[in-house]
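Dear colleague,

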Amino acid sequence: KPSFGLYGTRKTFLFSSDSSKPILPCSSTLSEVGAGLQREFGFPVVWFGRCVIQVQFTDSGISRVLGFSSLLLNCLLIVNLVTRVRLEMEGEQLTEQETALYDRQIRVWGADAQRRLSKSHIFVYGMKGTVAEFCKNIVLAGVGSVTLMDDRAVTNEALASNFLIPPEEKVYSGKTLAELCCDSLKEFNPMVHVSVEKAELVTLGQQFFEKFDVVVISSCPPATKILINEKCRKLSKRVAFYTVECRDSCGEIFVDLQNYKYMKEATSAPWGRLQRRTSKLYFAMRVIESFEEANGRNPGVFSVEDVPAVLQLKRKLCEAQSVSESFVPDTLLERLVIGSIEFPPVCAIIGGILGQEVIKAISGKGDPVKNFFYFDVVDGKGVIEDISSRAPEADSASSKSANIITQVVLE
Amino acid sequence: RTGANNSHRLFCSSLSPEFDSSIPLSLFHLPFLRLLFCLQTTSVNQLEQTCNFFPPLSLSFSTSSTPSVTLFRVSTPFPMASLQQSPAIKGAKVLMVGAGGIGCELLKTLALSGFEDIHIIDMDTIEVSNLNRQFLFRQKHVGQSKAKVARDAVLRFRPHISISSYHANVKDSNFNVDFFKQFNVVLNGLDNLDARRHVNRLCLAAEVPLVESGTTGFLGQVSVHVKGRTDCYECNPKPSPKTYPVCTITSTPSKFVHCIVWAKELLFAKLFGDKNQDNDLNVRSSDSTGSSEQAEDVFERKANESIEQYGRRIYDHVFGYNIEQALSNEETWKSRNKPRPIYSRDVISAELMQQNGNSDKAGSAGDPLSVSAMASLGLKNPQDLWSLKDNSRVFFEALKLFFGKREKEIGSLCFDKDDPLAVEFVTAAANIRAASFGIPLHSLFEAKGIAGNIVHAVATTNAIVAGLIVIEAIKVLQKDFDSYRMSYCLEHVTQKMLIMPVQPFEPNKSCCVCSETPLTLEIDTNHSKLRDFVEKIVKAKLSMTSPLIMHGSSLLYEVGDDLDDAMIANYSANLEKVLSSLPSPVTSGTMLTVEDLQQEFTCNINIKHREEFDEENEPDGMVLHGWTQVPTKPKDDDDKPPTGNGDSSKTSQTETVEAEAEVVVKINIEEIGASGNKRKAPDSRDISTDPPSNDVNEATAANHKKVHKIDDGDDEEELVMLDHWDIDTNKKQKLR
């Protein structure tokens, strides 16, 4: 006669009479586990001690106490004689509340993905409109926690595209952008822990990022982004790294899932090796970044007076990279320089795509973007650019290219 | 201002309010702010005469040292974000239909983008399952009007704009053509085909542009519909609601969805729904076979019969006896797997039956939606797969609870995906039937999705789609016809894209909605009643809400509040008459005119008499031609869940799209991608390499003659010399 015993703590058991589907949620208490066994197999179950279930057989009228083990592995072995049982030790099942709230999206990505989402921790730097959209999306999706960082005060620009900040001075005065966004985000989903960290981004040590599964950086200079990217890379744990920027009608997302190019390499690929069809935005954003770097500007701080200088820098860069000037259309650069403010519909689109990508990365479902995403209102296309695959001998070439850019900028 | 190669470009660094007010409105009516930009050929004076709407510009030019000026349009050099201040947006009056998944995102994005007069209609109230994506709503709002709560939420971060909310059905008669006429653009975030068609017709009648949208999972779609310029919503076929042949449902299910339809439309409707409704369930029990027509209905609970006995009798009848009956017809099973009859005694012992369920845990009788068989049986996870025994226990327990706690509702219940007990019953019944036919069982979670036709929905897709809607709406407001795009959000990268724009369709010349092309109806005029015509064609196919049917000058039928008793009597008498014996007989060759006064939509139908119809493939007993709807496949060979919430039409299991949120979009990627297709992806110029000179001046010089369109190398841009610009040239360049 088969027999089995089980040992464990609360919320760790899953039973099944068929191979894959559990019959009891692992949030069950031991008494419920016992009742489940009784119901499923018709065996009376008695308690022994605090956490051991002992099964008695009453066939032929004899009540027998059969062996049980105090070791989980043994249990599994014995249990397997009775029926196939799946024990899921890590991760609890979704609660009833979660199942009800996330019903529609579980139908899209499944309960496993939802569970993984609820255990993920996300770090976000730079609370502009696009990032606000992104945060809304992942908080709604039900990630475990979101940590915000942005010590800047509210400006008109921030108010214009960020729906998380109420435009009343008495509400926002004295608070940082991150604090204000945190207050609003908390309301979106009480099951997600949203908090603020105050610090200088560049001074954060490597171990700071170890707490997170996903790091998203926005509105800071490229050098800072590269620095954070490298810190994340050095961790033993795999941290998904993203940067995102929106300027006017255009947006850019960079993705590093640590299986291809670092940001540093991806942003310095030699232009001549990239295909003509590479999104013009890729080049335009590099020109803009170089300009900001050379002139010590904060990201997005531009005026119409900068147009000639930016166009001139572009010509130099194109020349140095030995590509035609048409690689980077003037009109596109003009748009990016003049309209450095975010355009809310583009924030929604870029924030949506970024949310989707982060969900893909955490849940392991779907094909993540590799490694740039661009959207431009003018052509309406949301394009993926894989810069890594275009530059096969990238290492030496891209450092050369990086040198070229640096030289031009220095000049 | 940049000066290079004698070229001068004028940039507007921002549309500051002062600058804004100095530019006449007409300037903003240039397509998509492809404004300004300069130089050569014409003097400023000439320019002023040619384009009399440019005085403020000439001021700028007059300070220039260049004596001659040419203008051409270059695409959007304006910062888009500055559009928030544009009168075209600030002054626009916008109607949003739907405040659900797309609606919440859309309202937020509209408000942020500078729209100041927004009207929003939604008849729904907030539910828990909305909260994962309809971010304007909170737990405390459950049960309240979506339109109103959405309005209040957006006003919190944009307190000074005007948002009017209507907690009402867009099909209500006060939302008529005049109501629609007050808007500059209508934006749809709807969840069903019927309402979309209704809004489409009103927009056509009111001549208001419509931006239509839909999402499901990671897929999304946005399209623009402007009368005369693009197709209308109904120009192209839409996936039609799924129907299943009756005998597949009643006798030969091969998929789980068939079992669900059976459990929901037949068994659930029979036991708890309107007793007078036709139902294809075999009601005869073994004792009454062969007896009179008035044979006893086994589904009636007998006096003095305990609920356990009654449950067992029903169970044994539908899962045991009926299967045995079906097995006796050997012909049916020659090419199919034989089903296995299941009797309750084999699955569940009498003893267990007695102790089945703890009703105390089942929920209170006061709140019908809190009653749950799972709770009383201690089953917790809706994603668990129940055994046959568990399903049987749920079946009995749910039945018991319906009779014990919700008896008053029996006889008037309709299946509702938000009614937990109904979902439990249908899941259990479908699973037992599936077990009998050797079909894999499904969890309650999955069964609920199929039975309730639940649309998969995530916040991200809705946000992206809402962004795309606003972009199209702005183009519409700026009358930038050339730039209208239909956009798709894709789940898998296609041609390097995740968001793919395509050119809009041209109007379909034979579209019966926007082109007045008559339809043809094949019908048996000697047997079909006017009622059949009204139900199956006018309402089900043409989606009319208040129809009026005319034959020449004689009125056969109409719906309205202002009819007198004699007319009502007359019309209801007509409904019961066959077509050929109506006061004004409808026979082969007759043309009927069907009109919906609210939608201001008229449609002519040529009648063609036909006597034979295939019961399986043409279950309506009539066939409508010229109607743009994807023909329903007679055999169910896709795995899409059926649509439907229990529109119990009697012969076939016809189902309406109910969809809780957004909507089923079918995207045929191959179709989009195919080159040479009418909806050509606007991609071709991208592929052509060698761009001509990038210098605007040079390009102009090279094309000094009357060239209207020059590729200037910035491959998305067009140069059009403004002094030749008028609506007509614009038209010619439009969509080929």
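**Helix packing and cysteines**

In chain B, residues B:I307, B:E308, B:Y310, B:G311, B:R312, B:I314, B:Y315 and B:F319 of helix α12(B) meet B:L388, B:S392, B:F395, B:F396, B:L399, B:K400 and B:F403 of helix α16(B), where contact means heavy atoms within 4.5 Å. The residues of this contact divide into ten nonpolar, two polar and three charged, with Gly counted among the polar ones.

Please bear in mind that this is a predicted model, in which local features need pLDDT of at least 70 and side-chain atom pairs count only at pLDDT 80 or more, while totals for chains, interfaces and linings use all residues. Residues are numbered from 1 along each chain as its sequence is written, chains are lettered from A and ligands numbered from 1 in the order in which they are written, and side-chain values use heavy atoms, leaving out hydrogens and water.

As for the cysteines, a search of the whole structure finds zero disulfides over all chains, a disulfide being a pair of cysteine sulfur atoms within 2.5 Å. The sulfur of B:C104 lies 17 Å from the closest cysteine sulfur, in B:C489, which is too far for a bond. B:C511 is likewise in no disulfide, with the nearest cysteine sulfur, that of B:C235, 3.7 Å away. At 0% relative accessibility, B:C511 counts as buried (under 20% relative accessible area, with a 1.4 Å probe and protein chains only).

Best regards

How values were computed. Helices (H or I, at least four residues) and strands (E, at least two) are DSSP runs, numbered from the N terminus. Buried means under 20% relative accessible area, exposed over 50%, partly exposed in between (1.4 Å probe, protein chains only).
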